[in-house]
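Dear colleague,

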Amino acid sequence: MIPLRRLLAAVVIGLLGAGPASAGFLDAYKPPVDISKEGHRVDSLFYVTTIMLLVLFAILSYVLVVSSIRHRGKSSHHVHFHRGHATRDLTIAAVISASIFFVVDGNLLYNSYEDINDAFWNYPTEGDLTRVQIMPQQWAWRFRLPGNDGQFNTADDIVTLNDLRIPVDKQVIAQMQSADVIHSFFLPNVRQKIDANPGSVTKMTFTPLQTGDFEVVCAEMCGLNHYKMRAEMKVLSTADYARWHEEASFWALSGFDEEDAEAHWGWDWEANE
Amino acid sequence: MSADAHHHEPGFVGKYIFSMDHKMIAKQFLWLGLVGLAVGGLMAMLMRWNLANPGEAVPLVGNMLFPDSGGVIPPDAYASLFTMHGTIMIFFAITPLLIGCFGNFCIPLMIGARDMVFPLLNMLSFWTAALASVFMFGSIFVPLGGAASGWTAYPTLSTNVGLPGLGMTMWVVAIFLIGTSSIMGAVNYITTVIRLRAPGMGYFDMPLTVWGLWLTAILNALFVPVIAAAMVLLFFDRVFGTQFFAAGSAVVDGTGDPILYQHLFWIFGHPEVYILILPAWGVVSDLLSFFSRKPAYGYKITALGMTAVTVLSAVVYGHHMFSTGLSPLLGQSFMVLTMIISVPAEIFFLNWLHTIWKGRIRMATPMLFSLGVVFVFGLGGLTGLYLASISTDLYLHDTYFVVGHFHLTMAAAAFLGFFAGLYYWFPKFTGRMLNENLGKIHFAGSIITITIVFCGMLLQGWAGMHRRIYDHSVYTYLQHLAPMTNIITHSALTLGFFQLFFVVNFFRSWFAGEKAPENPWQVGTLEWATSNPIPHGNFEHIPVVFRGPHEFNNPDYAHLGRDWVAQWEQLPGDPSPEERIASTHVPAPQAAHS
């Protein structure tokens, strides 16, 4: 049996030593700035889990190092003959594993459950929303916002290439499909991604809280130029967005070409999707 | 069969090429796997060079490999490199080395059998694998290039919509063939363990190596047929224009579903990661005990824990698909199931730590590599939790965090486990010892660089670096990660360099190494009951087994003056062979073949 006192010592060493050291590392390699209302859920869950796992890892390293040094063949200590077959041994192993499960895994499960039900997979159907349709293709992002009529798939739709503009502080709901192969709509600053599949509609929702230019990334291997399938997401202030939207909708209507089938890739908004 | 009655010396072709002897087939798989490991490893180094120096010519070999671009790796070649690296390492390195080679060599010898139960099937299994490797390696050289869809080959990219070349089709055929080879091997291993155990050897007297290989074989037999089916459908889509997967997109009319492929792929794909790691777990569970000179702590619980992981591995695959738009019910179910699989894994991991604690550890090379497995698997196993949880996975999926995690678990742990086993069984394999000093340099160089490479990837992944990217400098939010990319590349190249110590050691020892004693590690499992070189039919007489494989420093046997007792030794106080056989219900196997 590994004595309890030493285990506790290992926990303390883990917290004092590995913790701050790794925290320093994690700080240098932290994710890009979180601009969303929901992103902190991922960050805090990651950090809390990391601290707990560092403790476990410290214990593991302690056992490996100490037994490798202290229990080498040359030392004359008595070999601890123990099969570990007794009910007591199994009970101890089961209790340790169950504790780890309930604390570490349990925390992940509980928070993930909350996160997806309250935020990530909780898609709004009504209210004041920024609705956007996305149709990626090899190797570009096409975005579609409704014009002044508020309807998709009409003549005043604002269609942009690799340039998504949305207003700040307003929940976004995106629906997407793919024109060819599978792509994945990844917003590092929002901590979310969702695949865009040919033939079916997937969704993502988030609320941007910060204005500025951020990157849109394709996270699913989609062929030769996958690596540069990049778009800009411009989060604008409410006033800036309204001004841009008014203008863009006007130009969209005046430039609309009934014959150009390629440009009419939008679909009717799937309200209950 | 009897060892001598029908024995006639086969000719060169019968002995070295179309051999039905499990030991020769193990050697054939070893060579195939080492070639795969070398090719796959060199591909990894080319990728690492490109990541640290995008657009710069590869030194030394660049002009030879990429003459059209002046030695620079072009983006299409890069895509082909990461596809082929993954495929080759999984199906043509780990599979032949840990399953083909160790499975063939260890199972019959460790359970006291004269050969596999189906020697002809065994031979066919190798030659199917050889045919598969012709298709796989050949696919690189055909016009339009090799497969370039990632090892997962998701449609519609992997159909003619994305990759119309012949190389991709050859890749599909190669996966189907190597799968067929695996199934043939699996049927053989499963049956051999059930039917041909030495008299007196109950299931819980088997070495844990045999447990690991047996559970792997069961998973292979159950789940490789699923990927084979997916490959057949993908082949039809590519060659005959069906639309099982290639549908829905604007360029194709039809009613197929690319997501269906992902389900099929991962129903196989998740058990596959356990297929790859279970043999290493088994080997390590044994070696930690052998070299700590202590019984494997909680042997039965370890065996049952590995069995529990095997069963659960069938129902966790959905965690690969959290970002595909999976229904919340499915997502949550797979999240819970995935977390549950950590419990049995933790239990036998604790058993490993208990085994080495207060032992009398002999720090020979096999032990060093085994401790290395415990270390890297600890790191890799813990980081898996972030990917099982939907919240964190939505961010980390398809980033370098995933790359770091699965390399630590199924690549580094599997290969370190392979090296542990190879250093350990090499004397049985060849009658000669591998050099210990070169082995220790090999270990030290490997473990340090492995830790830097894959922990570096974990950090980059957390910083948001996505995978399968030819040039990360395209993205402003990844610019500050370039120094870490450089560190990883240097460590990866150093890791490659340290493998040269193994290559030298391997060839020198194979032909001119120090002659091995009969039982160099003083271990009592059955492969050490037979002489070197191993006679035809393996054993003079099939031994009767009296005890489990890990009898070290048992106070009851202190009077023997050594710290180990063999499984085949009948000591005072043991039952008679007849009584032992009656109590374990394992009689001598009937003549299964001749």
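Lining the largest cavity are 16 residues, and B:Phe29, B:Thr95, B:Ile99, B:Ser181 and B:Ser182 lie nearest its centre. A cavity here is a set of points, on a 1 Å grid over the protein atoms alone, where a 1.4 Å probe fits but cannot get out; lining residues have an atom within 4 Å of a point. This cavity holds about 120 Å³ of space, a volume being the space filled by probe spheres set on grid points joined across faces, edges and corners. The structure has seven cavities of 30 Å³ or more.

As to conventions, this is a predicted model, in which local features need pLDDT of at least 70 and side-chain atom pairs count only at pLDDT 80 or more, while totals for chains, interfaces and linings use all residues. Residues are numbered from 1 along each chain as its sequence is written, chains are lettered from A and ligands numbered from 1 in the order in which they are written, and side-chain values use heavy atoms, with hydrogens and water left out.

Helices α2, α4, α5 and α6 of chain B each supply at least two residues of the cavity lining (helices are DSSP runs of H or I, at least four residues, numbered from the N terminus). The largest share, six residues, comes from α6(B).

The cover of the buried residues of α5(B) includes α2 (22-52), α4 (75-111) and α6 (166-195) of chain B. Among those buried in α5(B) are B:Met123, B:Phe126, B:Met136 and B:Phe137, where buried means under 20% relative accessible area with a 1.4 Å probe, protein chains only.

The largest nonpolar core comprises 267 residues, with A:Phe185, A:Met233, B:Leu30, B:Trp171 and B:Trp281 having the most contacts inside it. Such a core is a set of buried Ala, Val, Leu, Ile, Met, Phe, Trp, Tyr and Cys residues joined through side-chain atoms within 4.5 Å. α4(B) gives the most to this core, 24 residues. Leaving aside neighbours within four places in sequence, B:Leu30 is in contact (heavy atoms within 4.5 Å) with residues including B:Leu97, B:Cys101, B:Phe418 and B:Trp510.

Finally, B:Leu287 is placed in helix α8 (residues 258-292) of chain B and counts as buried because its relative accessibility is 0%. Not counting residues up to four places away in sequence, B:Leu287 touches B:Pro366, B:Met367, B:Ser370, B:Ala420, B:Gly421 and B:Tyr424.

With kind regards

How values were computed
Buried means under 20% relative accessible area, exposed over 50%, partly exposed in between (1.4 Å probe, protein chains only). On a 1 Å grid over the protein atoms alone, a cavity is a set of points where a 1.4 Å probe fits but cannot get out, and a pocket is an open set with protein on both sides within 12 Å along at least five of seven lines; lining residues have an atom within 4 Å of a point.
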